[in-house]
Amino acid sequence: MTGIEELLLSRIRDVADYPEPGVMFKDITPLLADPAAFTALTDALAEISVRSGATKIVGLEARGFILGAPVAVRAGLGFIPVRKAGKLPGATLGQTYDLEYGSAEIEVHAEDLSAEDRVMVVDDVLATGGTAEASLRLIRRAGARVAGVAVLMELGFLGGRARLEPALDGAPLEALLKV
């Protein structure tokens with residue numbers, strides 16, 4: 001385990017039985033409250049983004065906003081929020097995706113992305129991969145290219161990587177931590 005992995009893991013709190021019995025929630029708020037850990041996380045995600053040749057960062061609502069915006073600033077890139085449907089003003093491009101029980105939709109301002117853009121998706125956790133997969137489809141529908149996906153933590157037991165790999169179409173998926 002590397003020093004950054006140890007630092008990040010030491011600042012993630014396990015919360016048993018949240019949001020329902022049997023679930024072990026990984027709470028990143030102690031990491032965000034620690035300036036050294038938050039800076040290390042931001043630097044690591046920015047380095048991945050720069051290395052990938054990204055021109056824009058997409059942050060997925062809501063914790064992807066918290067991580068993606070400082071990553072974009074650190075990397076010298078633009079930041080694009082991908083929101084839940086109905087949250088962005090004006091013309092949007094939407095993408096629906098399936099949840100365990102039902103479906104959801106995310107949206108982006110399509111004019112914020114262009115064919116010249118290579119987009120890195122930044123989020124806190126890769127779980128089942130549904131939201132990330134939908135974001136990749138949305139980025140491509142907006143005319144941009146996918147530079148990859150970078151997350152703080154991958155919950156390997158939920159199979160998100162396998163679901164996401166076809167949508168990545170060869171772009172990298174990088175997780176700083178795998179649990």
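This is a predicted model: local features need pLDDT of at least 70, side-chain atom pairs count only at pLDDT 80 or more; totals for chains, interfaces and linings use all residues.
Residues are numbered from 1 along each chain as its sequence is written, and side-chain values use heavy atoms, with hydrogens and water left out. The protein has six helices and nine strands. Its radius of gyration is 16 Å, close to the 16 Å that the globule rule gives for 179 residues, so the protein is as compact as a globular protein of that length.

**Overall build**

- Helices (H or I, at least four residues) and strands (E, at least two) are DSSP runs, numbered from the N terminus.
- For the radius of gyration, C-alpha atoms are used, and the globule rule is 2.2 Å times the number of residues to the power 0.38.
- Along the principal axes, the C-alpha atoms fill a box of roughly 40 × 40 × 30 Å.
- Take the contacts (heavy atoms within 4.5 Å) between residues at least 6 apart in sequence: 63% of them join residues at least 24 apart.

**Surface and charge**

- Of the 179 residues, 44% are buried; that means under 20% relative accessible area, with exposed being over 50% and partly exposed in between (1.4 Å probe, protein chains only).
- The protein exposes about 8600 Å², and carbon and sulfur atoms supply 54% of that area. Such areas come from the Shrake-Rupley method with a 1.4 Å probe, and for residues only the protein chains shown count as cover.
- There are 18 positive and 25 negative side chains, and the centres of the two sets lie 2 Å apart.

**Aromatic pairs**

- Rings of Phe, Tyr and Trp (its six-membered ring) pair if their centres lie within 6.5 Å; planes under 30 degrees apart count as stacked, over 60 as edge-to-face and the rest as tilted. By this rule there are two aromatic pairs.
- Y18 and F25 have ring centres 5.2 Å apart and planes at 80°, so this pair is edge-to-face. Y18 is partly exposed at 45% relative accessible area, and F25 is partly exposed at 25%.
- F65 and F79 also pair edge-to-face, with 6.3 Å centre to centre and 90° between the planes. This pair links distant parts of the chain, with F65 in helix 4 (residues 63–75) and F79 in strand 4 (residues 78–84), 14 residues apart. Relative accessibility is 23% for F65, which is partly exposed, and F79 is partly exposed too, at 27%.

- Most residues other than glycine have a negative phi, and most peptide bonds are trans. The spots below go the other way.
- Y18 turns up again here: a cis peptide bond joins Y18 to P19, with omega about 5°. P19 sits in the loop between strand 1 (13–16) and strand 2 (24–27).
- In that loop between strand 1 and strand 2 you'll also find D17. D17 isn't a glycine, yet its phi is positive, near 60°, and the residue is partly exposed at 48%.
- The bond from E61 to A62 is cis as well, with omega near 0°. A62 lies in the loop between strand 3 (56–60) and helix 4.
- D169 has a positive phi of about 50° without being a glycine. Look for D169 in the loop between helix 6 (160–168) and strand 9 (173–178), where D169 counts as exposed at 65% relative accessibility.

Terms used. Lys and Arg count as positive and Asp and Glu as negative; His and the chain ends are not counted. The place of a charge is taken as NZ of Lys, CZ of Arg, CG of Asp or CD of Glu.
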